[in-house]
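Subject: A structure to look at

Hi,

Here is the structure I promised to pass on to you. Have a look around it first, and then read my notes below.

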Number of protein chains: 2
Amino acid sequence: MPRQKQYDEEAVIEKAVQVFWKHGYAGTSIRELESKMGINQFSIYSSFGSKKGVFLRALANYKRRVKEIFLSDLLNSDGRLEDIRKFLEAFVDSVRSGRTPNGCLMANTAMDLDTHDQEVKVQLTLFFELLQAVFLEVLTKAKARGELSPQANINQYANYLLGCTEGLAVTAKVLEKEQLEDFIAVTMAALK
Amino acid sequence: MPRQKQYDEEAVIEKAVQVFWKHGYAGTSIRELESKMGINQFSIYSSFGSKKGVFLRALANYKRRVKEIFLSDLLNSDGRLEDIRKFLEAFVDSVRSGRTPNGCLMANTAMDLDTHDQEVKVQLTLFFELLQAVFLEVLTKAKARGELSPQANINQYANYLLGCTEGLAVTAKVLEKEQLEDFIAVTMAALK
DNA sequence: TCCGTTTCTAAGCGATTGCTTAGAAATTAA
DNA sequence: TTAATTTCTAAGCAATCGCTTAGAAACGGA
């Protein structure tokens, strides 16, 4: 067996996530990926095939990280609506504090849709399905524990929360904190 | 007086709007603008100074057109909440039918924010302020005519509707019609 | 140790990027 | 008609785009 790679593919993809998240697909050049990933163009192309190949792996990596880090509290929730509120507020805070100043990579990519193709759209759909499923699970538990009425249409609510979350992904970048608080307050008040 | 321009600046900017709307700022080249605007590069640079100059004029033109065409029913509303529902549904239908398949140029640009600068952000803020103000006016009338309770916090509702509209701008491109209907249904049910 | 295989570096490919410029064509006042 | 002024066409600028390649370096098995 010959020489082995001097880098870990998952590790360099994490760097690529940061670049695409910040500049978008069209705004990211192979030269910048080369610099930020710390490997040269030959390695990029031999590991991922193309710029789009890097992007697709970056989307997959991003989804996994969101699931592990950002959705963990919701996944472990025992059905308190307060956990949903905390999730929405944590998202806003993460954007506004500068920790994730570029919002949601998936939402950003959805807005850029024309430039991408079917494979990208599939990844976006899978991500949104994940988010909807997580909301649905919390809402199911909330109904069971009586925080929602027995008549509540929880599937409808899950789609609603998905839409509101994406609304935050846009507005968190532009609106004032008070406006975002208003948005979240009414969003939560709608669940009953 | 010498030779006069063979094109109307507003007319060619309308073409530019379409291009930026479809491909985003980074994804649009001067060559494509040249082709779609129907004037050559010299004319583009002598009229608008730079690619960003074209973009800023395109944003201003887009805002004016949204106000004239898309917001006119809301601006003429006498305060029926049903008019707000119709606005949201018209937006979804416009995206899904393919009439405006790329959603909202302002929301798209907001997601692209890092690549742009302060001047662009100012335009986005002004646009969102316009939308919020239009919602606020309808809600004020709705309160006066009794469709909302006297205790309703209409400023809070206006910020909420702004957020939900931007949520539609993202999700209308990806989700199924039923999911979008769920979103709108709960959004409207929250107003009381 | 030498071979076979792979990764690495670094240069370079043609095409395209945003933008500029030289000179011809067009328009109006004198 | 002439002179002054501007727009137009078309070519071209350096820089960067995504991607490829030649050859040196690094490994594991024999």
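Let's start with one residue: A:Tyr7 sits in the segment before H1 of chain A (helices are DSSP runs of H or I with at least four residues, strands are runs of E with at least two, and both are numbered from the N terminus). This is a predicted model, in which local features need pLDDT of at least 70 and side-chain atom pairs count only at pLDDT 80 or more, while totals for chains, interfaces and linings use all residues. Residues are numbered from 1 along each chain as its sequence is written, and chains are lettered from A and ligands numbered from 1 in the order in which they are written.

Is A:Tyr7 buried or exposed? A:Tyr7 is exposed, because 12 other C-beta atoms lie within 10 Å (buried is 20 or more other C-beta atoms within 10 Å of a residue's own, exposed is 12 or fewer, and partly exposed is in between, with C-beta atoms placed from the backbone). Leaving aside neighbours within four places in sequence, A:Tyr7 is in contact with A:Val12, A:Gly38, A:Ile39 and A:Ser43 (a contact means that the C-beta atoms, placed from the backbone, lie within 7 Å). A:Tyr7 and A:Asn40 are 33 residues apart along the chain, and their C-alpha atoms are separated by 11 Å.

Now look at A:Leu161, which belongs to helix H9 of chain A. A:Leu161 counts as buried because it has 27 C-beta neighbours inside 10 Å. Setting aside neighbours within four places in sequence, A:Leu161 touches A:Ile84 and A:Phe135. From A:Leu161 to A:Leu136 there are 25 residues in sequence, and 9.3 Å in space from C-alpha to C-alpha.

Chain A as a whole

Chain A has 10 helices and 0 strands. Its C-alpha trace spans about 65 × 40 × 30 Å along the principal axes. Of its 192 residues, 38% count as buried. Among the contacts in chain A with a separation of 6 or more, 61% come from residues 24 or more positions apart.

The domain assignment divides chain A into domain 1 (1–65) and domain 2 (71–192) (such bounds come from an automatic or database assignment). The C-alpha centres of these two domains of chain A lie 28 Å apart. Where they touch, domain 1 of chain A gives 12 residues and domain 2 of chain A gives 9 residues. On the side of domain 1, H1 and helix H4 (51–70) of chain A each supply at least two residues, and H4(A) gives the most, with 5 residues. By class, that side has 9 nonpolar, 1 polar and 2 charged residues (Ala, Val, Leu, Ile, Met, Phe, Trp, Tyr, Cys and Pro are nonpolar, Asp, Glu, Lys and Arg are charged, and the others, Gly among them, are polar).

Two chains together

How many residues does each chain put into the contact between them? Chain A contributes 42 residues and chain B contributes 42 residues. In chain A, H9(A) gives the most to this side, with 13 residues. The residues on the side of chain A that touches chain B divide into 21 nonpolar, 15 polar and 6 charged.

The same surface serves both copies, as 100% of the contact residues of chain A recur in chain B.

Helix packing in chain B

Helix H1 (residues 9–23) and helix H4 (residues 51–70) of chain B pack at an angle of about 95°, with their axes 9 Å apart (axes are lines fitted to C-alpha atoms, for helices over the stretch in contact, and angles run from 0 to 180 degrees between N-to-C directions). H1(B) is therefore roughly perpendicular to H4(B) (under 35 degrees is roughly parallel, over 145 roughly antiparallel, 65 to 115 roughly perpendicular, and the rest oblique). B:Phe20 is one of the H1(B) residues at this contact, and B:Tyr62 is one of those in H4(B).

The axes of H4(B) and helix H8 (residues 118–144) of chain B come within 10 Å and cross at roughly 5°, so H4(B) and H8(B) are roughly parallel to each other. Their contact has 5 nonpolar, 1 polar and 3 charged residues.

Enjoy exploring!

Conventions:
Two residues are in contact if their C-beta atoms, placed from the backbone, lie within 7 Å.
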